[in-house]
Amino acid sequence: MQVTRRGLLGGAVGLGAALATPRLLRAEAVAMRPLSGEELVDAAQLGGDVGYIVADARSGLVLESRDANKAMAPASTAKTITTLYALETLGSDYRFTTSLLGTGAIAGGVLQGDLILAGGGDPTLDTDGLADLAARLVKAGVRGVAGRFYTWGGALPYASEISDDQPVHVGYNPSISGLILNYNRVHFEWRRGSGGYSLEMDARGAAHKPKAYTIDASLAARKSPAFRYSQSGGKEHWSVASAALNKHGSLWLPVRQPDAYAGDVFQTLARAQGCPLPAPQPLRALPAGAQVITARQSTDLPRILRDMMRYSTNITAEAVGMTATAARGANAARGPSGAAMSQWLAQRLGGGKARFVDHSGLGANDRISALEMVRAVSLLGPKVGLRGLMKPFELRDDNGGKRQSQPFRVDAKTGTLNFVSTLTGYMTAPDGTELTFAIFTGDLARRQRAGDSGSGAWVRRSKVLQSRLLERWAALYG
C-alpha cells in the first residue's frame, strides 16, 4: 500500500515527480479533524484492494492518493473510457443507421429481388423503431418481395455473450451483433391460472407487442437451476423451473441469435403494414449492387452515451466501442477491440498499463489504475463534455441509505460487480473548487471463492467508504 499527498497530473506523462506547495486548510476543517483516508479504509473493513486518487481539476495537482498506480478491475467505470474513445473516434454528430436494402427494382408494389434488413450496430433500436422502418418500406412502395428476406448483422463481429462469467439468464449479458433489437433481449412473462402457467415471449415496445417466434419457453419440474438455455432447429429454447415462478411476473432474457430475432419481429411488423415477407434468413455478406430502399438513424452519439452512463447499459458500451474500433480500421471483435481501446488510451496519456477485454466492464478481467482513470477524466474528459454525460451521485449515510442533503455536487460513473465497487468523476466542493477523482475497491480472491455470497453487504460498505472519502475531500480541499 502506498499513500501520497502531493503530485502533478502531467499532460503526457504519469504521476509527476515535482511536488507542489501544500495549500493551507481552512481553520474549521482542521478543527473538525476529519478521519484520514487510511482510517476510513480501515473502518470499511473491505479487505482486498483499495486504490484512490483526488486531484484539482484545473491545475492537475494531486491532493491525495492511495495505491493509485495499482491496476484494478474497473467494473462499469470502464464505460467512462469507452465514452472518451467513442466520442474522439466517431465524433459527436455520429448516428447509427439501420437500413433496408433491395437487390432489384420495385415494380407494381413488388421488390423484384431480395430484401435485406441490414443492421448498423445501433444499440438503441427497439421494436417501435423497427415498426417505423416497416412503415417506411411500405411508404417507399414495397408491398411484397419476389425474392428472399435476409438479415445482416455483420457491421459488428458476433459474440454469443459479453462476458462468460455471468448467470445464463441475465438480460444485461446478451449477444453482440451489428443487428441489435431491444438491447438483444426478449420479454418473458408468466401467469398462473386455473389450468396452470401460461408463458409468453414477445418483443414489446411502447406501442407494439409482437410475439417472438424464434424463442420459446417451457416449464420443467425442478427446483434449480431457475433457467436453462439451449438452441435447436434454428430457435432458442428456455427451460424454466416451475418452483422458481410465483403467480405472475416478467423479466427480460438475453437473446443469443439476434439476427434471427430481429428478422422474425420485422416480418411480423411488415405483415401488419400490409407487406408479407418470406421467412428471414441470415446473410454473411452484403451483395454487391444492393441499393438502400429506406433507412432509419439513431439519435446522436452524446445522447446515446448519456443514457449508457446513466443506466450502465452493457450492450450499448460494446456496440459503440466496437464501432469506434472498426472506424479506426482495427479488429473490432470482442477482446481485440478492448485491446485497441487500451492502446488508444496509452497513446493519449503517454503510457500506462490499462488492459481492457471489453468496453462495458462487465467482465472481471479488465484492468486500469485509479491514476490512469483520473488522468483520462481530467485531461480528455473536458474536451468532449464528459461531465455532462455523467449521472449525479448521491452520498450514502453510514447504513448505506441515501443522504437527505448534500452540500456539494458530484457527477460520476459507478461500477459494481460481485466484490468490486468503483466510482470516478467530478465534484464541485462547497467553495466551488473543482476536483476529479477515482475510487477503486475490489476483492477478486473473495469473488472467486465466494461467488455472490456476502457481496451485497460488501458493496454497501464500499459505497459508504466512497461517500466518506468524498466528504473528506470536500472539507479539506474545498
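Glutamate 88 has a relative accessible area of 36% and is therefore partly exposed, a class that lies between buried (under 20% relative accessible area) and exposed (over 50%), as computed with a 1.4 Å probe on protein chains only. Arginine 348, at 28% relative accessibility, is likewise classed as partly exposed. The model is a predicted one, in which local features need pLDDT of at least 70 and side-chain atom pairs count only at pLDDT 80 or more, while totals for chains, interfaces and linings use all residues. Residues are numbered from 1 along each chain as its sequence is written, and side-chain values use heavy atoms, with hydrogens and water left out.

Side chains of opposite charge can pair when their charged atoms come close. Glutamate 88 and arginine 348 form a salt bridge, with their closest N and O atoms 2.8 Å apart; the term stands for a side-chain nitrogen of Lys or Arg within 4 Å of a carboxyl oxygen of Asp or Glu. Because glutamate 88 lies in helix H3 (residues 78-90) and arginine 348 in helix H8 (residues 336-349), the pair ties together parts that are 260 residues apart in sequence. Helices (H or I, at least four residues) and strands (E, at least two) are DSSP runs, numbered from the N terminus.

A search of the whole structure finds 21 salt bridges. One of them joins aspartate 132 to arginine 296, at 3.2 Å from N to O, and this pair links distant parts of the chain, since aspartate 132 belongs to helix H4 (residues 127-139) and arginine 296 to strand E19 (residues 291-297), 164 residues apart. Aspartate 132 is partly exposed at 28% relative accessibility, and arginine 296 is partly exposed at 24%.

Within helix H11 (residues 455-477), arginine 468 and glutamate 471 are three residues apart, about one turn of the helix, and their side chains meet in a salt bridge of 2.7 Å, N to O. Arginine 468 counts as buried at 13% relative accessibility, whereas glutamate 471 is partly exposed at 22%.

Helix H3 also packs against helix H9 (residues 370-384), at an angle of about 40° and with the axes 10 Å apart; axes are lines fitted to C-alpha atoms, for helices over the stretch in contact, and angles run from 0 to 180 degrees between N-to-C directions. In this packing, Thr80, Ile81, Leu84 and Leu87 of H3 meet Met373, Ala376, Val377, Leu380, Gly381 and Val384 of H9, where contact means heavy atoms within 4.5 Å.
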